[in-house]
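Please examine the sequence and structure shown here.

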Amino acid sequence: MEYHSDRFIDASLMIYEEEVLVAVLPASRNEDVLVSHGGLTYGGLILSQKVKAETVLESVETMMLFAKSHGFNKILYKATPYIFSIHGAQEDLYSLFRVGAKIVRRDLSSIIFLDRRLKLSKGRKWLIARAKKNNLVVTDSNDWSEFIGLLSGVLEKHGATAVHTPQELELLSSYFPENISLRVVKSEGKLLAATLLFKFGTVVHTQYLATNSEGKEVGALDYLIETCIQESVDGGFKYFSFGVSTEDGGKYINSGLLAQKESFGARGMAIDFYEIKLND
């Protein structure tokens, strides 16, 4: 997380039981709120595989005591979606219930269960077939500036900007070359579509999806997404994650974006944010 350390005040915690590290909470300080972590989409307690429910409950209680003693009035806990947990463990959610935490935000993400995938929509099939007729090819790329240029053009139409800079993506990919890859579709040297893939254990996650008007016309992004899905199947992954389609703290659904993901066979998964008030 140090690549954006200038934007966040780190307040990460390490929790020990008899001098053995049992849990880690990536966290940052936002005035009087302990956030897990402001620079991450999600990520609550990271637990040792040996840790059982009672220890998780004690870890949450210890986290609360520590936060209160260091001047925090609240904890904002971003729960990790179950598909990213090696064992699907959700003892932390039960522990949050026990200490009176309340859900203050819920985003809707979209995932494909690759071994039980739903059928592609007819519209997607048609666009993918069109891309193949145009002899489009999916390849890897390391041109982060070109990618951010394409992405920025898309986001500007929605009044948004890219979270990462080309330099940050280059740094991250150098740290995790096996986990981060940029997949693109080009025609005569021109970038038509691109996606940044993050690979976590059994999950392939699309951090960004972008295409231009020419790419839309020839189905470049549709072909790129379907290729990445098929590669994920061949690679033995269990889930293909598209990320969230909600805005304004989860209160608004981008219907067009959600429909695009659903047309590839994706269905919804909730990403929850819990608030723990420390002075009640």
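In this predicted model, helix α1 (residues 53-69) and helix α2 (residues 91-98) have axes that come within 9 Å and cross at roughly 50°. Because an angle under 35 degrees would count as roughly parallel and one of 65 to 115 as roughly perpendicular, this value makes α1 oblique to α2. The crossing of α1 past α2 is right-handed.

The contact between these helices can be followed residue by residue. On the α1 side, A53, V56, L57 and V60 take part, and they meet E91, D92, S95, L96 and R98 of α2. By residue class, the contact of α1 with α2 comprises five nonpolar residues, one polar residue and three charged residues.

The largest nonpolar core contains 25 residues, of which I112, L136, I229, F240, F242 and F264 touch the most other members. At least two residues of this core come from each of α3 (122-133), β11 (190-200), α7 (220-234) and β13 (239-244). Helix α7 gives the most, with seven residues.

F240 illustrates how a member of this core is surrounded. Leaving aside residues up to four places away in sequence, F240 touches S110, I111, I112, L114, V204, T206, C228, I229 and S232. Among these contacts, I112 and I229 are also listed with F240 as core residues that touch the most other members.

Conventions: Residues are numbered from 1 along each chain as its sequence is written. This is a predicted model: local features need pLDDT of at least 70, side-chain atom pairs count only at pLDDT 80 or more; totals for chains, interfaces and linings use all residues. Side-chain values use heavy atoms; hydrogens and water are left out. A nonpolar core is a set of buried Ala, Val, Leu, Ile, Met, Phe, Trp, Tyr and Cys residues joined through side-chain atoms within 4.5 Å. Buried means under 20% relative accessible area, exposed over 50%, partly exposed in between (1.4 Å probe, protein chains only). Helices (H or I, at least four residues) and strands (E, at least two) are DSSP runs, numbered from the N terminus. Contact means heavy atoms within 4.5 Å. Axes are lines fitted to C-alpha atoms, for helices over the stretch in contact, and angles run from 0 to 180 degrees between N-to-C directions. Angles under 35 degrees count as roughly parallel, over 145 as roughly antiparallel, 65 to 115 as roughly perpendicular and the rest as oblique. A crossing is left-handed if the near helix is turned anticlockwise from the far one by less than a right angle, and right-handed if clockwise. Ala, Val, Leu, Ile, Met, Phe, Trp, Tyr, Cys and Pro count as nonpolar, Asp, Glu, Lys and Arg as charged, and the others, Gly among them, as polar.
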